[in-house]
Amino acid sequence: MRTNERLEEILREIKRRRLKPKQIIQQYGQETLKQIITYLNKHYGFTVTDIVAYLNLTGIAYFRELLQKLGIQLEKTWGYYTKPLPHNKTEELLRKAKIDQKIRQTIQYIKQHNKPPPWYNQLSEEEKAATILWLNHQEKQSLRKIGKILGQHPTKLSLLIKKHGTQPRKPHRKPITNPHDQAYLVGLRTGDLTARMCKGSLVAQVGTTHYTAWHQLFQKLFTKYTSTIHEVPRYNPGKKPPYEWTIIATLHPQDKWILNQPKDKVPEWVKQSKELFLAYLAGYTDSEGTWYPRLQYVKKAGRKRKYYYVAYAVASNDKRLLEDVRETMEKLLSVHGYIAVAHKEGETRRYSKKPGYKLVAIGRNAIKLAKLLLPHLKHPDRIRRAKLAIKHGSKHLTEKQLQEWRKQRQKEKQQTQKDIEQARKTYQQKHKTPKQQNQHQHLFPIKTLLIQ
């Protein structure tokens with residue numbers, strides 16, 4: 001087994017002489033090539049395209065056959081977040097792009113006309129790589145966008161710039177270490193948010209017709225930890241309404257701890273602190289809860305009279321979860337509530353056929369919750385309703401106050417309709433006629449928000 005120092009020496013020789021796998025096997029042997037590929041993958045966190053470029057290949061198909069022949073299974077890595085790349089010439093090529101007149105003219109033409117200039121094919125390979133690298137690093141354009149402009153696949157562009165010892169701009173991602181943000185995220189995932197691993201990173205996403213509100217929530221929560229948020233219009237003819245949005249944040253791989261958090265109860269570590277529980281409950285409220293005017297019948301002078309009081313409710317199909325939330329709420333916050341049936345099993349016109357439940361707090365308890373949760377809320381509609389609850393207090397609502405709640409509800413409905421219409425227009429701009437296919441085949445990113 002060769003030492004790391006010997007492998008580093010061979011890697012430098014590969015770059016200097018631009019050796020390919022067949023030449024490496026002829027000079028150093030097949031076992032050495034196998035060690036080199038494994039070393040680049042495990043030590044430097046190189047992906048397939050990284051290694052293909054480093055070995056001076058022009059395509060991935062041959063390399064995949066080579067991996068199978070050598071019996072190598074590459075690891076999914078995220079080493080590029082922490083480890084320096086060997087022989088990195090990114091800054092050197094960016095300096096060349098800055099001073100080279102021909103490259104500057106090419107970049108300006110692409111920026112102004114959104115297409116390659118007539119002389120693009122006459123550029124050398126290095127000049128093309130410098131152009132792509134500048135657009136990617138300095139103009140903050142993704143390789144996907146650059147590929148559309150130049151009429152080339154993003155993987156081909158990635159191979160070209162990596163071949164010259166440079167790297168595409170990596171997204172900014174750092175682990176979520178703030179315990180309050182962690183607790184909020186767990187509460188949010190207990191409701192509408194879903195989380196999964198994809199290509200070594202954690203992906204958090206939500207499907208919603210309330211695009212504006214969730215867009216703002218994602219910005220407040222995730223921009224501290226990631227530079228990339230995708231917003232995707234989606235079409236599903238089997239749903240009403242058929243158009244909605246999917247909002248996706250790609251997070252650091254170390255955030256996969258969230259996948260081990262229970263969704264059927266409040267995590268024990270959250271129960272250890274009042275502030276952590278408030279953050280958790282705020283996340284759950286932003287996802288599944290709200291404040292609203294609730295009708296109560298009160299007997300006065302032998303007659304039943306209608307009164308409206310401010311109430312708080314959070315919903316779930318899991319009654320045990322709501323019981324755990326209620327017990328923790330009473331213990332840590334001294335706020336009392338009760339569990340009620342939201343809808344029965346098998347009711348029509350509902351997405352879920354399971355019975356639904358809600359945790360309800362009324363009057364003073366609802367107002368106290370609004371005051372406690374307001375600093376932690378991120379959903380703009382929930383924030384406005386919490387402020388309205390605090391403003392009106394625990395006494396029964398007057399007709400004037402009821403009108404304020406109705407106006408707030410009407411604003412939310414109108415905004416939702418605008419968001420659905422925006423999804424429809426955006427989707428149909430991409431597709432002439434919506435195809436009657438499964439909804440998961442219609443994920444086309446239309447925005448990538450890069451936070452500087």
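**Helix packing in a predicted model**

Helices here are DSSP runs (H or I, at least four residues), numbered from the N terminus.

This is a predicted model, in which local features need pLDDT of at least 70 and side-chain atom pairs count only at pLDDT 80 or more, while totals for chains, interfaces and linings use all residues. Residues are numbered from 1 along each chain as its sequence is written, and side-chain values use heavy atoms, with hydrogens and water left out.

Helix α14 covers residues 274–288 and helix α15 residues 319–333, and the two pack at an angle of about 140° with their axes 11 Å apart; axes are lines fitted to C-alpha atoms, for helices over the stretch in contact, and angles run from 0 to 180 degrees between N-to-C directions. That makes α14 oblique to α15, since angles under 35 degrees count as roughly parallel, over 145 as roughly antiparallel, 65 to 115 as roughly perpendicular and the rest as oblique.

Leaving aside neighbours within four places in sequence, T190 is in contact with K263, Y280, Y284 and L321. T190 counts as buried because its relative accessibility is 11%, buried being under 20% relative accessible area, exposed over 50% and partly exposed in between, with a 1.4 Å probe and protein chains only.

Turning to another pair, helix α6 (residues 90–99) and helix α8 (residues 125–137) pack at about 95°, with their axes 9 Å apart, and they are therefore roughly perpendicular to each other. This contact includes L93 and L94 of α6 as well as L133 and W134 of α8.

In helices α2 (residues 21–28) and α3 (residues 30–44), the axes come within 7 Å and cross at roughly 125°, which makes α2 oblique to α3. Here P21, I24, I25 and Y28 of α2 meet Q30, T32, L33 and I36 of α3.

Finally, a word on confidence: pLDDT, the predictor's confidence in each residue from 0 to 100, averages 87 over the protein, and 91% of the residues score at least 70. Over residues 78–84, however, the pLDDT is below 50, and over residues 434–452 it is also below 50. Where pLDDT is low, the predicted coordinates should not be read in detail.

Conventions. Contact = heavy atoms within 4.5 Å.
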